[in-house]
There are 2 protein chains.
Amino acid sequence: MHPDLLTRVLSLLPPPQPEEATRPELAHFHAMLRDYPQRGGKGIRSALLLASARAHGARPGTPAWEGALWLAAGLELFQNWVLIHDDIEDDSEERRGQPALHRLHGVPLAINAGDALHAYMWAAVHRAGVPGGMEEFLAMIHRTAEGQHLDLSWVESGEWALTGADYLEMVRLKTAHYTVVVPLRLGALSAGHPPDERLTLAGLKLGAAFQIRDDVLNLLGDAAQYGKEIGGDLLEGKRTLIVLHWLETAPADQKALFLEQMARPRADKDADAVAQIHRWLLESGSVTHAQAHADAEAREGLALLEEALAEAPDPQAARELLDTVRGLATREA
Amino acid sequence: MHPDLLTRVLSLLPPPQPEEATRPELAHFHAMLRDYPQRGGKGIRSALLLASARAHGARPGTPAWEGALWLAAGLELFQNWVLIHDDIEDDSEERRGQPALHRLHGVPLAINAGDALHAYMWAAVHRAGVPGGMEEFLAMIHRTAEGQHLDLSWVESGEWALTGADYLEMVRLKTAHYTVVVPLRLGALSAGHPPDERLTLAGLKLGAAFQIRDDVLNLLGDAAQYGKEIGGDLLEGKRTLIVLHWLETAPADQKALFLEQMARPRADKDADAVAQIHRWLLESGSVTHAQAHADAEAREGLALLEEALAEAPDPQAARELLDTVRGLATREA
């Protein structure tokens, strides 16, 4: 996240205080609120929002730009409270190289801190004062929660009889809205423009492309560059386009071993068996298939975005936005 | 909750749809969102808000009244999402006579449903369009989450070296703001009046009085009338004014048995020992002490509220609000 944006995020939260100024328990609570934001993050979503705002004519130093900055702070707060709750829901061990919040403080305190951070997100949206901004955030949370429900309910019920279309519906809901659709639309709104409907269509395709790229990197990325555990999705039993495609034609014995391992909790999975499944996936052609699908969605999304920005008030900034998006779709980490 | 208000709450949520119109998983998710609101609730907070709005001159049928109704719907949504998360945090078994949401669907899906319902609360606040309403809800959530953190962190760390003042600070944060302070203030705001500061002071005292009354009823109430398990607070290891007062002068052997039982998870507590502690508490005079404190807070709170409403635009409605508050402070269930 950009340091100026982090400053803005932290300015909304209760500040650190001298020991005698507050109860130690409350100082502890307020430190929990600052924890995830201070661990840093790539800030992809806020960067897209600000690039879209510039393309739509919001110039640094103007009230429109101030509005965009507060909305960007709101997106970062969204990301942080969602991650606190996601990490509990997925029982993740780490986040950004440190133990997940509930591993440090227990589930009850972490749920409560996520709820409080959720409210601070709305403070940022309110502060932005951008007409239509509130509605965008509401729609974003509703879609993201629906996608999260799909994903979690498949894990809960051990459902693997899913198609690529099921995966894409889940990913559009869970990832595409908050990662691309809403950042692009908020950029337009903060510059005073009603969002072109092609921004939404482009964002759905680009969001799916980004997530598939992430799934691919999770299997064959460079651990140091990627920043997460390679193969972690397999250990967590994530439904991905790669795995669902592979399951369609996998030999019966491979499929049986896969389903048997996936039915186990993470701690009980056999490391050798998972490594074997990992190799089968890499050899199967399903990674190539998924990457080809991601490339096609990225191409179509970029073409739509280019059309939507053809008359953009700031053509130079529009080109920069397109370059940023292109870079994300082909990233190595 | 008043049936008209429930209709308004449900109108904000995704409606039930014919089976073929949506994915079964999403229909399941949307049913989870409607579950707690449909179980009914006393609707104390929304009733206080509407009574305060009337006293401050908002008349049914006017835009001000519409604003008050949407804010009241927002308060009910607040109560419902908080209860979903509270029930996880306290590992409660039941809510309003049925299994808690996470007992029905597991913790991950229940956290996610609570988050979605939280966002729908903001849709109600936004729909109300009452200037200052958003700020009240933000402050309410921040204070409630701070109080919840105090309570949960004492449970987490097994802390019993607490005074009555600690308890009162926790209860003012955790209960008084959302139960009384904010409903009274929102009523004024929806009628277009800046809230009199005495509403806040009155609400803090009345909120503490209501919670202590609830703690007392939990120990000596009539189970059928009270609607919750008598002695449930002891089984959950809740810090109450009654218990903290008793601990100050309890005989060493009684105190030792108490602390030994409280250090155990609920399932491992000894029913006979807890029943014995329950009798000691009833015989100790600490229930009487707590009730006397509640009565004093209620008297002072009512006096402040009467002062604050002395010039209320609708004196008849102001008297009704005072009667409602008086009834709550002396309730038997």
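**Figure 1. Salt bridge between E169(A) and R23(B) in the predicted model.** The side chains of E169(A) and R23(B) form a salt bridge with an N to O distance of 2.9 Å; a salt bridge is a side-chain nitrogen of Lys or Arg within 4 Å of a carboxyl oxygen of Asp or Glu. Between chain A and chain B the count is 4 salt bridges. The model is predicted, so local features need pLDDT of at least 70 and side-chain atom pairs count only at pLDDT 80 or more, while totals for chains, interfaces and linings use all residues. Residues are numbered from 1 along each chain as its sequence is written, chains are lettered from A in the order in which they are written, and side-chain values use heavy atoms, with hydrogens and water left out.

**Figure 2. The interface of chain A and chain B.** Contact, meaning heavy atoms within 4.5 Å, links 42 residues of chain A with 42 residues of chain B. The two chains bury about 3,900 Å² between them, 65% of it on carbon and sulfur atoms. Buried area is the accessible area (1.4 Å probe) that two parts lose on being put together, summed over both. R23(A), L109(A) and H149(A) supply 15% of the area that chain A buries against chain B, more than any other three residues.

**Figure 3. Helices on the side of chain A that touches chain B.** Between the chains, 19 residue pairs are in polar contact, both residues at pLDDT 80 or more. A polar contact is a pair of N or O atoms within 3.5 Å; within protein, one must be able to donate a hydrogen and the other to accept it, and residues adjacent in sequence count only if both atoms are side-chain atoms. The elements of chain A that give two or more residues to this side are α2 (24-38), α4, α6 (107-128), α7 (133-157) and α8 (164-190). Of these, α7(A) gives the most, with 14 residues. Helices (H or I, at least four residues) and strands (E, at least two) are DSSP runs, numbered from the N terminus.

Figure 4. D91(A) lies in the loop between α4 (63-89) and β1 (94-95) of chain A. Although D91(A) is not a glycine, its phi is positive, about 50°. D91(A) is partly exposed, with a relative accessible area of 46%; buried means under 20%, exposed over 50%, and partly exposed in between (1.4 Å probe, protein chains only). In chain B, D91(B) is found in the loop between α4 (63-89) and β1 (94-95), with a positive phi near 50°.
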